[in-house]
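Please look over the model below before reading on.

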Amino acid sequence: MTGNQNPGNFANRPQEEVQDIASKGGQASHSGGFASMEANKQRDIASQGGQASSGSFEPGSEKAKEAGRKGGSK
């Protein structure tokens, strides 16, 4: 193992664990989330246009505008 203890780094994981993860062939490691919902529930949430989200900003706030301009860059 290297000095980097980041568990997200496959080089820091035991070989057996890496092989187990790889054997899943890209399948998600969790069973929840939007993609696992029934289609009707997905459509209902999507039709709300983000209103169902807990959100991080008040609509129209300066922080929201700034984040929109930033657009995912760090």
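**Notes on the predicted model**

1. Arg13 and Glu17 are joined by a salt bridge, with 3.6 Å between the closest N and O atoms. The term stands for a side-chain nitrogen of Lys or Arg within 4 Å of a carboxyl oxygen of Asp or Glu. The structure has one salt bridge.

2. Arg13 is partly exposed at 26% relative accessibility, and Glu17 is partly exposed at 36%. The cut-offs are under 20% relative accessible area for buried, over 50% for exposed and in between for partly exposed (1.4 Å probe, protein chains only).

3. This is a predicted model, in which local features need pLDDT of at least 70 and side-chain atom pairs count only at pLDDT 80 or more, while totals for chains, interfaces and linings use all residues. Residues are numbered from 1 along each chain as its sequence is written, and side-chain values use heavy atoms, without hydrogens and water.

4. Three helices and zero strands make up the elements of the chain, in the order α-α-α from the N terminus. Helices (H or I, at least four residues) and strands (E, at least two) are DSSP runs, numbered from the N terminus.

5. Of the chain's 74 residues, 1% count as buried.

6. Gly71 follows H3 and has a positive phi, near 60°.
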